[in-house]
Amino acid sequence: MTTELLLSSKSSGKVWELSRSAQRITCTTNRTGSPGTLKFSIIKSGDLSFFEGDPVRFSVDGQLIFYGWVFVKSKDRWGVIDVTCYDRLRYLKANASYAFYGQTAGGIITQIAEDLQLETGTLADTGYALPSYIQRDKACLDIIGGAVQQTLLNTGKVYVFFDSGGGLSLEEAGNMIQDVVIGEKSLLTDYTYRTDIDQQTYNSVKLARPNETTGRADVYIAQDSDTIARWGLLQLYQTVDGDANDAQLQAQAKTSLAYYNRRMRTLKVSALGVPGLRAGQMLLARIPGLGDVDLDRYVLLEKVAHTFESGIHTMEFETLIP
């Protein structure tokens, strides 16, 4: 395994290769809600001098793993510098207000990227245009995340928004399947399996659309009496824009119910590292005897964390089992 950690100084134009001097390198990606992160620790030596905003590139065996910029530096009395870098998604934490009409998630990403002067990569055509999508004073990352979620609820397809290294990208998860098998006889070192109905489980979905004529909200409800009897009423309440018609809102409530009306099953895995594996991709997991399932299926990675230390590459990932 050959690693390359390049740090460039915008002020001096110098470039340092730090993989040999870095004590520990970690790279973390999440499928939703946060930018890709690279962290490493080095001891200051020679002419090394860099500042916030300087670009960092990390590769393994010639494969790009991370491209981003220095955001945080801290130094202790022994000269050890801890560095935190983020990819382009970090710049999408800026708040803004938008009103989109008849735009796909890709179109929304394109507009926001132009406004924030960010490069874009491949943006999949989802085939679904949001009738209206109005967001006020919200983080752009959340605005895009909401558009991707609305696409999922109306198409049943999972799309992944991420920084490919060359720009902001959007791809269908089904097109990001990796030729990797994780199991008791393949890379796996440990796992934790959890079930719950605590955080992302709902058996009643209520959508409310403001009605300017009546001054009240039109309500659209979809619920499952069987799981309500077993778990109690777990209600998701959302206010929606006024341009969607009755049929669209009732269909959205039913689709949302189908997505959320399930017990959450979360699997956390520790394994030997696979370069290039990131959140949003899918791989084949074979782990028998989890309890209520003998796992042998493709799973969507929600979070992936790689660690490179003393020439050893390990990783941890989280996935939700359908």
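Predicted model: local features only at pLDDT ≥ 70, side-chain atom pairs only at ≥ 80, totals over all residues.
**Ground rules.** I number residues from 1 along each chain as its sequence is written, and I work with heavy atoms for side-chain values, leaving out hydrogens and water.

**Aromatic pairs.** I searched the whole structure and found eight aromatic pairs, taking rings of Phe, Tyr and Trp (its six-membered ring) as paired if their centres lie within 6.5 Å, with planes under 30 degrees apart counted as stacked, over 60 as edge-to-face and the rest as tilted. One of them joins Y67 and W69, whose rings are 5.3 Å apart centre to centre with 80 degrees between the planes, an edge-to-face arrangement. I then looked up accessibility (buried is under 20% relative accessible area, exposed over 50%, partly exposed in between, with a 1.4 Å probe and protein chains only): Y67 is partly exposed at 23%, whereas W69 is buried at 12%. I also noted Y259 and Y260, which are edge-to-face because their ring centres lie 4.9 Å apart and their planes stand at 80 degrees. Of these two residues, Y259 is partly exposed at 27% and Y260 is buried at 7%. Returning to Y67 and W69, I find them in one aromatic cluster with F71, Y86 and Y91.

**Charges over rings.** I looked for NZ of Lys or CZ of Arg within 6 Å of a ring centre and within 35 degrees of the ring normal. The charged end of R262 sits over the ring of Y259, 5.1 Å from the centre, and that of K73 sits over the ring of F50 at 4.7 Å.

**The sheet 16-15-17.** I followed an open sheet of three strands in the order 16-15-17, with mixed pairing; strands are DSSP runs (E, at least two residues), numbered from the N terminus, and two of them pair if DSSP finds at least two bridges between them. Strand 16 (217–223) and strand 17 (235–239) each have a single partner strand, so one side of each is left without a neighbour in the sheet. From one strand to the next the twist averages 15 degrees, with axes fitted as lines to C-alpha atoms and angles running from 0 to 180 degrees between N-to-C directions. Strand 15 (residues 204–210) pairs with strand 17 in the parallel sense over five bridges, and L207 has Q238 of strand 17 as its bridge partner.

**S59.** I placed S59 in strand 5 (residues 55–60) and found the residue buried, at 5% relative accessibility. Leaving aside residues up to four places away in sequence, S59 touches T2, T3, E4, L64 and I65, where contact means heavy atoms within 4.5 Å.

Methods
Helix = DSSP H or I, 4+ residues; strand = E, 2+ residues; numbered from the N terminus.
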